[in-house]
Every structure is written in structure tokens, then in C-alpha cells.
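User: I would like to learn how to read the features of a protein model, beginning with the way strands pair. Could you take me through them one at a time?

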Amino acid sequence: MNEARVMEAVKIILEEIGEDPSREGLEDTPKRVMKLFKEIYEAVGKDPKEELSAVFEENHKDMVLVKDIPFYSTCEHHLVPFFGKAHIAYKPNGQVVGLSKLVRLVENVSRRPQVQERMTTMIADAIQEKLAPEGVMVVIIAEHLCISMRGIKKPGSQTTTITTRGVFEDNDKLQNNFFNMLKV
Ligand SMILES: Nc1nc2c(ncn2[C@@H]2O[C@H](COP(=O)(O)OP(=O)(O)OP(=O)(O)O)[C@@H](O)[C@H]2O)c(=O)[nH]1
Ligand SMILES: [Zn+2]
């Protein structure tokens, strides 16, 4: 990232909204926003599968579920946050992955301009490709600030996206097990 160009762009935006970028409260803002962008967009161009680094041989055939993984991402249409919780389940097929790596995977797909559907799919596909499990299911429930604080202005509305792969596809029993576990 060209830091100077980003800072100049932020300064221009401040000027164009009628602000004085040289006043005390704003003089360091271009630098702060540049650092913020570095942080929240750090995964642009990175392969999510790289997060799934700790894979172990393990003969556990039943569902593994990691739920309530909090995340903050950025809507690619408006560059404002959407945030919520991700829930990931998979049915291993000889290999399991370090649990923290699933959380890192959520972090990876969050830290880029994103839409919720693609985020959900990217998580499922990374697990499916890296672990070759019997199946995977990902549910994300989120609130979009572009709906809450601007435009249609409806705070509190939540969007749920679901991706299934392998044995979870069109399998009501497995999907219901997943949803029941979310209630526990
Ligand atoms: N499918 C999907 N849509 C999203 C997501 N985040 C934001 N959006 C929507 O992207 C759409 C962009 O619509 P546009 O008409 O191009 O933009 P806009 O004029 O700012 O739209 P409004 O938000 O309706 O004011 C809006 O309907 C947003 O609600 C997301 O993760 N998934
Ligand atoms: Zn948006």
C-alpha cells in the first residue's frame, strides 16, 4: 500500500466535506485512517486456506462445530462495517484442523472489502479444499451498518447466510443438528 497516496486521499475527502484537515483534531487523521485501512484490509490478496495450517490425522467422524465467532468486516459497496457472528461445522474425514485456525479463517475473510454471501462461501470452500472433509456448513448472522445508519436506516435487521458442502447439502437432519447446537 502506498501510504502517502492513501493519506492524501483521506485529506482530500476531508477537504471536500467542508472540513479543515489542518485543524488540531484532524491533522493526524489521514495517518490514522491509513493505519486503520492497513489493519482492516490486511487480507486482500491472501489465500484463506493459508490460515488452516495445523491439520492433524484424527479418526473423529462426527460433526465438529465452532460457534459464536465474532467478526467485523467491511461492506464492499459502502465501505462501512458489517458485523456479527460466524458458526462453522464440518464432518471430518480422517483429518481435523486446529480450532483456532477456524477463527483465523473467519478473520482472514473479514479483513477485505466483502459481501456476506461471499464471506460465507469462502469459509466453506477453504475448509472443503484444505481438509477434504465429508462436508462443511457455515452460517453467518450479521448486521450491516449500510442498512442501519444510512440509506434505508433500519437498525437491528439481521441477515443470515448459509453455505453447505458435501454431506450437509440438502440434508435436513444434519442441518437441523447444526441449528439445534446453535441454540445450546
Ligand atoms: N447481497 C448483499 N448485499 C449487500 C451486502 N452489503 C450491502 N449490500 C447491499 O448492496 C446494495 C447496493 O445497492 P446500490 O443501489 O448500488 O447502492 P445504494 O444506492 O447505496 O443502495 P441503498 O443501500 O439501498 O441506499 C444495497 O442493497 C446494500 O444493502 C452484502 O453483504 N450482501
Ligand atoms: Zn453496504
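Predicted model: local features only at pLDDT ≥ 70, side-chain atom pairs only at ≥ 80, totals over all residues.

User: Which values tell me how confident the predictor was in the protein and in the model?

Analyst: For the protein, the mean pLDDT is 97, and 100% of the residues reach 70 or more. The scores for the model are an ipTM of 0.93 and a pTM of 0.95.

User: What is the order of the strands in the open sheet, and what kind of pairing does it have?

Analyst: The sheet has 5 strands, which follow the order 5-2-3-6-7, and its pairing is mixed. Strand 5 (113-114) and strand 7 (159-166) are the edge strands, and because each has a single partner strand, one side of each is left without a neighbour in the sheet. Helix 3, which covers residues 99-110, packs on this sheet and touches strand 2, strand 3 and strand 5, while its direction makes about 20° with that of strand 2.

User: What should I expect of the side chains along a strand, and how many residues of strand 6 are buried?

Analyst: In a regular strand, side chains alternate between one face of the sheet and the other. In strand 6 (residues 135-144), 8 of the 10 residues are buried, so this strand is largely enclosed by the rest of the structure. For the protein as a whole, buried residues make up 26% of the 184 residues.

User: Where do I find residues with a positive phi that are not glycine?

Analyst: One of them is Asp68, which has a positive phi of about 60° although it is not a glycine. Asp68 has its place in strand 2, and it counts as exposed because it has 9 C-beta neighbours inside 10 Å. Another is Leu79, in the loop between strand 2 and strand 3. These two strands form a hairpin with 5 residues between them, and Leu79, in the turn, has a positive phi of about 55°. Leu79 has 12 C-beta neighbours inside 10 Å and therefore counts as exposed as well.

User: How should I read the overall fold, and in what sequence do the elements run?

Analyst: The protein has 6 helices and 7 strands, and from the N terminus on they run α-α-β-β-β-β-α-β-α-β-α-β-α. Its C-alpha trace spans about 60 × 35 × 25 Å along the principal axes. Among contacts with a separation of 6 or more, 70% are between residues 24 or more positions apart. As a separate example of two residues apart in sequence, Asn2 and Met34 are separated by 32 residues in sequence and by 9.4 Å in space, C-alpha to C-alpha. Asn2 belongs to the segment before helix 1 (3-16), and it is exposed, having 9 other C-beta atoms within 10 Å.

User: Finally, which residues are around ligand 1, and which helices each supply at least two residues of that shell?

Analyst: The residues around ligand 1 are Cys75, His77, Val115, Gln116, Glu117, His144, Cys146, Ile147, Gly151 and Ile152. Helix 4 (116-131) and helix 5 (145-148) each supply at least two residues of this shell. Sorted by class, the shell has 5 nonpolar, 4 polar and 1 charged residues.

Methods
Residues numbered from 1 in each chain as written. Chains lettered and ligands numbered in written order. Near = placed C-beta within 6 Å. Helix = DSSP H or I, 4+ residues; strand = E, 2+ residues; numbered from the N terminus. Nonpolar A, V, L, I, M, F, W, Y, C, P; charged D, E, K, R; others polar. Pairing = 2+ DSSP bridges. Contact = placed C-beta atoms within 7 Å. Axes fitted to C-alpha atoms, helices over the stretch in contact; angles between N-to-C directions. pLDDT = per-residue confidence, 0-100. Buried ≥ 20, exposed ≤ 12 C-beta atoms within 10 Å, placed from the backbone.
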